[in-house]
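Me: Hi! Could you walk me through this one before I set anything up?

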Amino acid sequence: MKKIGLLTSGGDASGMNAAIRAVVRTAITYKMKVVGFKKGFLGLIKDYALEMDSKSVSGIICQGGTILHTTRCPEFKEKKGRAKAIDVINKHKLEGIVVIGGEGSMRGLAELIEDSGIAGIGIPGTIDNDIFGTDYAIGFDTAVNVAVNAIDNIRDTATSHERLFLVEVMGRHAGYIAIFTGIASGVEDCLVPETISHIDILIDKLKAGHKRGKESSIVIVAEGDDAGGAFDIEKKIRKKTAWETRVSVLGHIQRGGRPTAIDRINASRLGVAAVEALKNGVTTKMVGLDKDDIAFVDLEDVWSKKKELSSEYIRMVDILST
Ligand code: F6P
């Protein structure tokens with residue numbers, strides 16, 4: 001294999017730059033050329049191409065976001081859109097492609113491989129960490145650390161005013177950020193999409209804590225929780241109690257910031273493994289981590305199977321908040 005394409009797609013995640021750097025430098029090691037495409041699959045359709053050499057990725061390992069920029073590209077879901085991308089692939093004589101992104105991006109990659117016959121490897125990148133076939137996705141660790149730092153700050157003011165805080169974290173369909181942040185910052189409860197949330201049970205739990213002497217409480221709400229976002233839940237609590245409650249929605253600060261060492265190291269490992277896989281003739285797989293080992297999973301499994309949030313974590317939040 002002499003020339004490969006590279007793009008980042010979907011929501012950006014801290015550590016994507018470390019993966020880009022690893023892909024480029026591994027390819028150079030094996031005498032392969034890399035063409036980067038800006039703005040995800042849109043850039044592949046529009047030919048927003050740039051040749052990437054070792055210098056083009058220097059100094060980026062510590063930067064959040066993605067130097068290749070990213071989009072969600074509805075046009076790529078259509079065969080017509082992908083046909084334009086295939087013209088660009090042929091123009092650049094690409095034999096392989098690496099796509100860094102979430103579940104939707106892995107699906108896009110699988111469809112591109114099917115339509116074009118190009119070899120392709122996916123690298124999981126999403127702060128939500130909800131991708132089947134890997135324990136870890138790029139950006140998750142940084143997002144959790146950002147949220148934990150924010151909640152440590154909120155704890156100070158919650159304690160001083162003896163208030164209840166509802167803190168909303170990202171996670172459209174998954175409670176990974178909520179649960180990991182909750183365990184690391186010692187919150188009173190976490191409401192996640194994986195379990196049905198009962199406001200009465202939450203209120204009883206908070207009252208019991210109050211009886212035990214807790215003067216303030218923090219509850220994390222994953223944005224995709226079945227009971228609603230943090231503002232909806234606050235309204236429901238206010239209807240039933242006279243508690244002084246505040247809401248804080250952390251939002252996109254969780255997507256930015258300097259990647260943690262864990263994100264830099266894991267992203268680098270995945271980048272190296274992706275290029276070595278292409279070089280060895282592997283295709284139509286996503287490279288991930290199974291515990292601490294590099295593991296490959298069929299792309300189709302990535303978007304057709306659901307990664308379950310272990311009930312052990314959910315149980316821990318209950319135990320640790322008593
Ligand atoms: O999928 C990652 C994610 O950060 C979700 O947690 C969040 O719901 C979504 O992206 C936000 O997307 P956007 O930046 O397009 O608003």
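This is a predicted model: local features need pLDDT of at least 70, side-chain atom pairs count only at pLDDT 80 or more; totals for chains, interfaces and linings use all residues.

Me: Good. How far is a polar side-chain atom of R72 from an oxygen atom of the ligand?
Reply: That distance is 2.5 Å.

Me: And what about D128 and H252, how far are their side chains from a ligand oxygen?
Reply: For D128, a polar side-chain atom lies 2.7 Å from an oxygen atom of the ligand. For H252, an N or O atom in the side chain is 2.8 Å from a ligand oxygen. As for burial, the ligand taken alone exposes 390 Å², and the protein buries 76% of that.

Me: Nice. Which residues surround the ligand?
Reply: The ligand has R72, T126, I127, D128, M170, G171, R172, E223, H252 and R255 around it. By type, that shell divides into five charged, three polar and two nonpolar residues.

Me: What pocket is the ligand in?
Reply: The space it takes is the largest pocket.

Me: Switching topic: how is the chain divided?
Reply: There are domain 1 (3–139 + 259–304) and domain 2 (141–255). Their contact takes 13 residues from domain 1 and twelve residues from domain 2.

Me: How many Å separate the domain centres?
Reply: Taken over C-alpha atoms, the centres of domain 1 and domain 2 are separated by 34 Å.

Me: And which domains does the ligand shell draw on?
Reply: Domain 1 and domain 2 each supply at least three residues of the shell.

Key
Residues are numbered from 1 along each chain as its sequence is written. Side-chain values use heavy atoms; hydrogens and water are left out. A residue is near a molecule or strand if one of its heavy atoms lies within 4 Å of it. A polar contact is a pair of N or O atoms within 3.5 Å; within protein, one must be able to donate a hydrogen and the other to accept it, and residues adjacent in sequence count only if both atoms are side-chain atoms. Accessible areas come from the Shrake-Rupley method with a 1.4 Å probe; for residues, only the protein chains shown count as cover. On a 1 Å grid over the protein atoms alone, a cavity is a set of points where a 1.4 Å probe fits but cannot get out, and a pocket is an open set with protein on both sides within 12 Å along at least five of seven lines; lining residues have an atom within 4 Å of a point. A molecule sits in a cavity or pocket if more than half of its atoms lie within 2 Å of its grid points. Ala, Val, Leu, Ile, Met, Phe, Trp, Tyr, Cys and Pro count as nonpolar, Asp, Glu, Lys and Arg as charged, and the others, Gly among them, as polar. Domain bounds come from an automatic or database domain assignment. Contact means heavy atoms within 4.5 Å.
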